[in-house]
Amino acid sequence: MNDIPDWNEIQRYLRGTWRMMNGHADGLEELDFSEDGFWQSFHAITISLPPLILGWIVFANDLVALRPGTGSRLSIIGSAAFIDLASWVLPLVIVALLARPLGIVKRFSPYVVATNWGSAIGAWLTVPATLVRMLFPDWPTLISSMSMMVYALIIVFTYRLVHVALKKPYIWSATFFIAFIIGSILMVIMFQNALGIAMPSVSG
């Protein structure tokens, strides 16, 4: 297995993935679906760490402010990191187990490679919303609006990516994608509750 891809390779992978996220099938040609390319794509986690860490810090600060007895910031950051990384990898493992009954065995490698690099792009797209949350903590309307806009864009981009990667009809891709998103959200909620870092709901 090859080592970490060099910067030129990473640029090519991200360029191809961005093309796919904008609905262009030719982006597939920029990606490496070999065994080496498959495992290299998990290095997308590494290049996602700066925005992920920033998000974990902000989440820990918010949770400590709302629930002072939850624990130390460091422990919350550790739990948030575990949840994010688990919710990145475990859904792919589930898809691997279901690939044959779903009829996507031949598209599994392109799907994993593309979604890994796509997740890296998605992680960096959250930076503006995270910075707004840090810089303007007393502006909840701005924070909510910015977050909703960013995450809506990420969902649209990711759906396009999945559709191009799987090469399935739109209705099939949409059903698969919705199930994947719901499953991932439920997984995050389950882990947050299990680790005691669920964000309390704010009413009124």
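The expected span of a helix is taken here as 1.5 Å times one less than its number of residues. Helices are DSSP runs of H or I with at least four residues, strands are runs of E with at least two, and both are numbered from the N terminus. The structure is a predicted model, in which local features need pLDDT of at least 70 and side-chain atom pairs count only at pLDDT 80 or more, while totals for chains, interfaces and linings use all residues. Residues are numbered from 1 along each chain as its sequence is written, and side-chain values use heavy atoms, with hydrogens and water left out.

Confidence is expressed as pLDDT, the predictor's score for each residue from 0 to 100. The chain has a mean pLDDT of 93, and 97% of its residues reach 70 or more. Within the chain, confidence is highest in H5, at a mean of 97, and lowest in H6, at 90.

Helix H3 covers residues 44-66, and because each residue is assigned 1.5 Å, its 23 residues should span 33 Å; the end C-alpha atoms lie 32 Å apart, which agrees. Burial is judged by relative accessible area: under 20% is buried, over 50% is exposed, and partly exposed lies in between, with a 1.4 Å probe and protein chains only. Among the buried residues of H3 are Pro51, Leu52, Trp56, Phe59 and Leu63. Their cover includes helix H2 (35-40), helix H4 (73-102), helix H5 (108-125), helix H6 (127-135) and helix H8 (170-195); contact here means heavy atoms within 4.5 Å.

The next topic is the nonpolar core. Such a core is a set of buried Ala, Val, Leu, Ile, Met, Phe, Trp, Tyr and Cys residues joined through side-chain atoms within 4.5 Å. The largest one has 45 residues, of which Met20, Leu31, Ile76, Tyr111, Trp117 and Phe176 touch the most other members. At least two residues of this core come from each of helix H1 (7-21), H3, H4, H5, H7 and H8. H4 supplies the largest share, nine residues. Met20 illustrates the packing: leaving out residues up to four places away in sequence, Met20 touches Gly27, Leu28, Leu31, Ala114, Arg160, Leu161, Val164 and Ala165.

At 1.5 Å a residue, the 27 residues of H7 should span 39 Å, and the end C-alpha atoms are 38 Å apart, which agrees. The buried residues of H7 include Ile143, Val150, Ile154, Phe157 and Leu161, and the buried set packs against H1, H5, H6 and H8. Ser147, in helix H7 (residues 140-166), is also buried, because its relative accessible area is 17%. The Ser147 side chain reaches the backbone oxygen of Ile143 at 2.9 Å.

His163 is another residue of helix H7, and its relative accessible area of 14% is why His163 counts as buried. Beyond neighbours within four places in sequence, His163 is in contact with Lys168, Pro169, Tyr170 and Ser173. His163 and Phe176 are 13 residues apart in sequence, and their C-alpha atoms are 9.4 Å apart in space. Ser173 lies in helix H8 and is buried, since its relative accessibility is 0%.

H7 is followed by Lys167, which is found in the loop between H7 and H8. Most residues other than glycine have a negative phi. Lys167, however, has a positive phi of about 55 degrees although it is not a glycine. Lys167 counts as exposed because its relative accessibility is 57%.

The loop between H1 and H2 holds Glu29, which is exposed because its relative accessibility is 69%. Glu29 and Thr17 are twelve residues apart along the chain, and their C-alpha atoms are separated by 9.7 Å.

Leu195, in helix H8, counts as partly exposed because its relative accessibility is 39%. Apart from neighbours within four places in sequence, Leu195 is in contact with Ser79, Phe82 and Ile83. Leu195 and Ser79 are 116 residues apart in sequence, yet 6.9 Å apart in space, C-alpha to C-alpha.

Note on methods. A polar contact is a pair of N or O atoms within 3.5 Å; within protein, one must be able to donate a hydrogen and the other to accept it, and residues adjacent in sequence count only if both atoms are side-chain atoms.
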